[in-house]
Amino acid sequence: MNTARRYLATEIYRSSTVVLLALVGLFTFFSLVDDLDDVGRGGFTLYHLFILELFALPTRVYDILPIGLLIGSILALAGLAQRHELVILRVSGVSGMRLLGMLWVVTIPVVVLALLVAELLTPAAEIKLNEARLRYTGSTGSSSGMLRSGYWFKESTPTGERMINVAGLQSSGGAVGITLYEFNQGRALSSVVQAESATFETGHLALRNATINTVSPDAESALDEGRRATAPSVTVTKQAQMSVPTSLTPELLFARVLTPERMSFANLVNYIRYLSSNHLVAERQVVAIWRKVIYPFTLLAMVTIAAPLGFMQTRRGGVGVKVFVGILLGVAFFMLNQLSLNVGMLNRWPAWLTAVGPNAMAMAGGLGAMLALEYGSRLPWRRRVGA
């Protein structure tokens, strides 16, 4: 059995690698063609476009891996069936369900590789991609969480609340164009701090060339009563260096740049904790947590779907037909997964249902087809039809 398992693993890894390279190359080509119109605008060159596509590769591999594994597994299993090697395994006493178990074991290294890509390569590559896009095009893209006015953060302070506006992000926790709006317990504006640049460090925010606009506590009541304030409404001071206590960290700062699925698990948990402590909506991030947890089962579901298609005898359909059906199933799963996310967010479905639902349906469909293929002739209605 170890020899058979190693042989299956070799065939599936080889086919899946070829399919994955082909799909990544195809989608990269489409992305290059789509962005060619930007070449020549504002100093954006073809070299910059290639750099952006290079940083996008880890994310593209992570997204395409389930479909690549599905098609690659179908190719490998269909080839084994066409050469009657699966028949030899079945004759030797290996049941179809035991073969499916072998396929699940073979998928474990792929799951480990996917987790490493998701936790190490993808977050770092996404940050580099957004930094490069900002440097070359002046924009971080529509999915980076940046508004026209920049990035916005909110946190609670001992005296009230603070709103932080960041015009631009830099690497290593740096930022430019910082504006801090300080509010008291009654949510009245108490001060506005503007700085040319800043560094988010653990426990505090180091501002450089800061301008502090302090609002007089008497200003609001004077305006309400229609009288002259006893003190200047706003006092302006300047400081070359200024330190402000904050709960924000460089990880939370860059968490705003990444879509939730592109963040590492630890950073995503910290970001959810930050959003919850400041009474901000974190539903999208909670769904992303569940989708990360369920991702290994997505790969197992793809192999489960591929098993009955690959085990079918060649006379019931050639390899090309099986691959075509596999592509259709992969596209259908991708669309169902995305539809579940969007519909679940709109209807406020539980996060676990949004993430688990499509994978459970895919796993159930694959297992059902496998059981029908394995024990179909023993079912009561099949015996009645045969009689």
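Let's start with a helix pair: the axes of helix H7 (residues 265-277) and helix H8 (283-311) come within 10 Å and cross at roughly 155 degrees. An axis here is a line fitted to C-alpha atoms, for helices over the stretch in contact, and angles run from 0 to 180 degrees between N-to-C directions. Helices (H or I, at least four residues) and strands (E, at least two) are DSSP runs, numbered from the N terminus. H7 and H8 are therefore roughly antiparallel to each other; the cut-offs are under 35 degrees for roughly parallel, over 145 for roughly antiparallel, 65 to 115 for roughly perpendicular, and oblique for the rest.

Before going further, a word on the model itself. This is a predicted model, in which local features need pLDDT of at least 70 and side-chain atom pairs count only at pLDDT 80 or more, while totals for chains, interfaces and linings use all residues. Residues are numbered from 1 along each chain as its sequence is written, and side-chain values use heavy atoms, with hydrogens and water left out.

Back to H7 and H8, whose crossing is left-handed. That label applies if the near helix is turned anticlockwise from the far one by less than a right angle, and right-handed applies if the turn is clockwise. On the H7 side you'll find Phe265, Leu268, Val269, Tyr271, Ile272 and Leu275, which meet Gln285, Val286, Ala288, Ile289, Lys292 and Val293 in H8. Contact, by the way, means heavy atoms within 4.5 Å. Sorted by class, the contact of H7 with H8 has 10 nonpolar, 1 polar and 1 charged residues. Ala, Val, Leu, Ile, Met, Phe, Trp, Tyr, Cys and Pro count as nonpolar, Asp, Glu, Lys and Arg as charged, and the others, Gly among them, as polar.

Now compare the pair at the start of the chain. Helix H1 (residues 2-35) and helix H2 (residues 46-82) pack at an angle of about 140 degrees, and their axes are 5 Å apart. H1 and H2 are therefore oblique to each other, and their crossing is right-handed. Their contact has 22 nonpolar, 7 polar and 4 charged residues.

Step back for the overall picture. The protein's secondary structure comes to 11 helices and 6 strands. Of its 387 residues, 46% count as buried, where buried means under 20% relative accessible area, exposed over 50% and partly exposed in between (1.4 Å probe, protein chains only). Among contacts between residues at least 6 apart in sequence, 64% join residues at least 24 apart.

What about the interior? In soluble globular proteins, nonpolar side chains tend to be buried together. A nonpolar core here is a set of buried Ala, Val, Leu, Ile, Met, Phe, Trp, Tyr and Cys residues joined through side-chain atoms within 4.5 Å. The largest such core has 49 residues, of which Leu8, Leu65, Leu86, Leu99, Leu103, Leu299 and Phe311 touch the most other members. The elements giving two or more residues to this core are H1, H2, helix H3 (85-91), H4, H8, helix H9 (319-347) and helix H10 (351-375). H2 supplies the largest share of this core, 12 residues. A second, separate core of 32 residues includes Leu207, Leu248, Tyr274 and Ala282.

Two residues are handy places to look around. Leaving aside neighbours within four places in sequence, Leu8 is in contact with Leu77, Leu80, Leu99, Met102 and Leu103. Thr107 lies in helix H4 (residues 96-137) and counts as buried at 2% relative accessibility. With the neighbours within four places in sequence again left aside, Thr107 is in contact with Leu69, Leu299, Leu300 and Val303.

Over in H9 sits Phe334, partly exposed with a relative accessible area of 48%. Its C-alpha atom is separated by 9.0 Å from that of Pro358, 24 residues apart along the chain. In H10, look for Gly368, which is partly exposed at 36%. The C-alpha atoms of Gly368 and Ile305 are 63 residues apart along the chain and separated by 9.4 Å.

Finally, a look at the backbone. Most residues other than glycine have a negative phi. Arg187, however, has a positive phi near 60 degrees; this residue is in the loop between strand S3 (174-183) and strand S4 (189-201) and counts as exposed at 64% relative accessibility. Asn209 also has a positive phi, near 55 degrees, but lies in strand S5 (residues 204-215) and counts as partly exposed at 42% relative accessibility.
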